[in-house]
Amino acid sequence: MKTITKLVFRSRTYNEQKALWGFLYVLPWLLGFLFFFFIPLLTSLQYSLSSIKANANGMTMKYIGFANYIEALTVNTSFNRILTESVVNMVVNVPLIVIFSLFLAVLLNQKFVGRALARSIFFLPVILASGVIATLEASSLVQAINEQNANGGVFSSGTIELANIMLRSGVNEDIVLYLMDAVQRIYQIVSQSGVQILIFLAGIQTISPQLYEASKIEGATGYEAFWKITFPMVSPLILVNVIYTIIDSFSRNNMTTLIKETGFTTFNFGLSSAMAWIYFLVIMIILLVSAYFISKRVFYQE
């Protein structure tokens with residue numbers, strides 16, 4: 001007992017205290033992962049390698065190797081197409097969302113009348129993305145706006161004019177197409193930027209004002225202060241927001257709908273699990289590649 005008491009209450013170094021508090025913070029997630037996620041994860045892997053049939057005696061499983069994976073990649077007519085569309089949408093949306101969030105966070109950090117109200121308004125996308133509003137979207141004006149935007153509705157004439165102006169000005173065609181696509185996705189970008197704005201805003205507010213005062217004394221402009229102080233100081237949060245946005249973009253799209261329908265509408269649990277594992281591996285590769293390249297550019301203040 002004395003040994004345990006000494007172990008718990010002994011004085012710790014600063015690094016040991018940081019490690020202990022870090023472990024305590026991740027402990028709830030770790031317990032949740034072990035009890036609610038790890039076992040279903042292994043079960044889905046078993047399903048993906050099996051042929052599952054339901055009968056009066058329950059479910060019977062027969063090991064068939066990688067047949068479900070081969071069926072998903074070579075036989076199913078929708079899987080490859082929807083997977084490609086999901087990856088392309090992610091590649092287009094993530095830079096737009098992160099840049100838009102950082103831009104708004106810098107604006108909302110400025111001193112102006114009604115700043116608290118403006119911050120509340122820009123957090124509305126998080127509420128709009130909640131379950132209640134998502135249900136309303138199914139039969140509301142928001143859905144009508146989305147459908148109209150998807151069909152090139154009210155903004156089509158304006159965007160075409162703007163595209164023509166940029167093309168005549170010598171802007172590269174690929175850049176023009178990317179920007180036009182961004183305009184068409186504006187509702188999707190705004191509705192997925194709430195959390196990222198909060199993260200950037202919290203990071204910007206931790207930057208020491210003395211850095212800006214020193215740069216002002218040295219004659220730095222606001223543009224230079226942003227690129228030499230603000231951007232490097234929030235670069236760790238860019239990595240965080242990119243990873244968060246990638247995961248968020250993959251968590252609700254046509255791919256997840258296809259996996260659910262394959263499993264719970266056609267009751268082909270083996271194929272559904274194989275699709276889920278392929279999808280999981282694709283996301284993991286994208287996250288590893290993104291984290292590897294961005295982390296090389298991240299600046300950490302010692």
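Is Leu 288 buried or exposed? Let's start there. This is a predicted model. Leu 288 sits in helix H16. Its relative accessibility is 58%, and exposed means over 50%, so Leu 288 counts as exposed. Now look across to Ile 243. In sequence, Leu 288 and Ile 243 are 45 residues apart. In space, their C-alpha atoms are 9.4 Å apart.

Which helices supply at least two residues each? They are H2 (14-48), H14 (222-251), H15 (254-264) and H16 (269-295). H16 gives the most, with 10 residues. What about the classes? The lining has 17 nonpolar residues, 6 polar and 1 charged.

Next, the largest nonpolar core. This core holds 37 residues. Seven of them touch the most other members: Phe 79, Phe 200, Ile 246, Phe 250, Met 255, Met 275 and Tyr 279. Helices H3 (67-75), H4 (79-108), H12 (194-205), H14, H15 and H16 each supply at least two residues of this core. Here H4 gives the most, with 10 residues.

Last stop, Tyr 279. Set aside its neighbours within four places in sequence. Which residues is Tyr 279 then in contact with? Leu 83, Phe 250, Asn 253, Met 255, Thr 256 and Ile 259.

Definitions and conventions
Residues are numbered from 1 along each chain as its sequence is written. This is a predicted model: local features need pLDDT of at least 70, side-chain atom pairs count only at pLDDT 80 or more; totals for chains, interfaces and linings use all residues. Side-chain values use heavy atoms; hydrogens and water are left out. Helices (H or I, at least four residues) and strands (E, at least two) are DSSP runs, numbered from the N terminus. Ala, Val, Leu, Ile, Met, Phe, Trp, Tyr, Cys and Pro count as nonpolar, Asp, Glu, Lys and Arg as charged, and the others, Gly among them, as polar. A nonpolar core is a set of buried Ala, Val, Leu, Ile, Met, Phe, Trp, Tyr and Cys residues joined through side-chain atoms within 4.5 Å. Buried means under 20% relative accessible area, exposed over 50%, partly exposed in between (1.4 Å probe, protein chains only). Contact means heavy atoms within 4.5 Å.
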